[in-house]
Amino acid sequence: MNHPAMETQHGLASKISSRTATVGIIGLGYVGLPLAAACARAGFQTVGFDIDETKIEAIGARRSYIDAVDSQELARLVDARSLRATIAFEELASCDIIVICVPTPLGVHREPDLQYVENTTRTIARFLKADQIVVLESTTYPGTTEEIVRPILEQSGLRSGQDFFLGFSPEREDPGNRKYTTTIIPKVTSGDGETASTLVGAFYEAVFDQVVAVSAPRVAEAVKITENIFRAVNIALVNELKVIYDAMGIDIWEVIDAASTKPFGYMPFYPGPGLGGHCIPIDPFYLTWKSQEYGLRTRFIELAGEINTSMPLYVVAKLERLLDRTQKRSLGSARILLVGIAYKKNVSDVRESASFEIMRLLEQRGAGVEFHDPLVETIPPMRRFPELAGRSSVGLTPAEIERFDAILIATDHDSVDYALLSVHARLIVDTRNALEKRGLATPSVFKA
């Protein structure tokens, strides 16, 4: 007699290979919507779930709100009835594969805030049925899938590896990266047991160009955390070097460019005004918190966090010194134009952007602050800076530029008119080396 799990595996595997499986994606943000579009392109009937009705309405109107998904492509998928979105979570019962793509922020004391994962998992448990695959993609600490998600799902009376199949596959989205789009980036997969591993791998192989299977969900969770820690620590290193070399009169960008000519043993990372996005400022601290369970400290991570979070203070302090030195003006009486509030160039994503902390610090000191960002017309509501919501980007004209005592470049979008800034600004503090890279360095431009 065949084992029930093997019979289920055969049935689900057949649905996956024939593209007759229905995929449900919970959370239609920067991870969920690109994944939903990728699943629909691969031939799966795909249903997106979200509690934000504006996202549901936008998808129904064939309008993308995420840069990684083109509105024309979204319209094609919606018109073909390959992709739709709903707030009716009872439809999870009709899905063969359910993927969780919800936020995993930090609490006020930098502890993991898993409320979205836990609440979503409880919702799934209400509608869970035999022969379903459930995959967590939200970045988290090693052990979450097995210690948090599995027990909640098993409250349904069904058992992981026997009745349903659980896995973890970390998202690797890089907003604004046109070379490495969703399905081109190798997909790390794992399952809670051999059958789950096989089924989860088969699903992602149907959607992604390359799948890298690892032995257990906690290994896959550690892979994602490791990737983000690698970046956080290296960015902290060049930020610290920036401060040191600046004191010595050495240009950190010139140093990095020259060091990058070494064909081995070096990888360039670049300094900035602070970290942004969801991954790098937040995710490493999930491991910091979890390591305490084992009586261990993550000293590199904590130090990197201290350095990176100090960068907005460093930038504001340098701006203050330059205002005094070049214009004999105090920071509290100055008008500052912040150029770029997205967390990285050429995207509209403002999550955890260092620009908001800089704006807050400047206004605390009494400065008048406005912003220009060609990709962010209005600051959206945010948990950390609710008072900034609704502010609008100002135009970039000679008259507008001349209204300000200083221009602070925080994000170097390619679509900003840097030549106009270089001609009309009294003082430019450039945290991204945007002017020099474009051959526009002048005596009024200072790096920070």
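## Terms and basis

Buried means under 20% relative accessible area, exposed means over 50%, and partly exposed lies in between (1.4 Å probe, protein chains only). This is a predicted model, in which local features need pLDDT of at least 70 and side-chain atom pairs count only at pLDDT 80 or more, while totals for chains, interfaces and linings use all residues. Residues are numbered from 1 along each chain as its sequence is written, and side-chain values use heavy atoms, with hydrogens and water left out.

## Salt bridges overall

The structure holds 33 salt bridges, each defined as a side-chain nitrogen of Lys or Arg within 4 Å of a carboxyl oxygen of Asp or Glu. Among the residues involved, Glu146, Glu147, Arg218, Lys290 and Glu293 are linked in a network.

## Glu137 and Lys187

Glu137 and Lys187 form a salt bridge at 3.0 Å, N to O. The partners are 50 residues apart: Glu137 is in the loop between strand S5 (133-136) and helix H6 (144-154), and Lys187 is in strand S7 (residues 187-191). Helices (H or I, at least four residues) and strands (E, at least two) are DSSP runs, numbered from the N terminus. Glu137 is buried at 2% relative accessible area, and Lys187 is buried at 4%.

## Asp192 and Arg150

A salt bridge also joins the side chains of Asp192 and Arg150 (3.0 Å, N to O). Asp192 lies in the loop between S7 and helix H7 (194-205) and Arg150 in helix H6, so the pair ties together parts 42 residues apart in sequence. Asp192 is buried, at 13% relative accessible area, whereas Arg150 is partly exposed at 26%.
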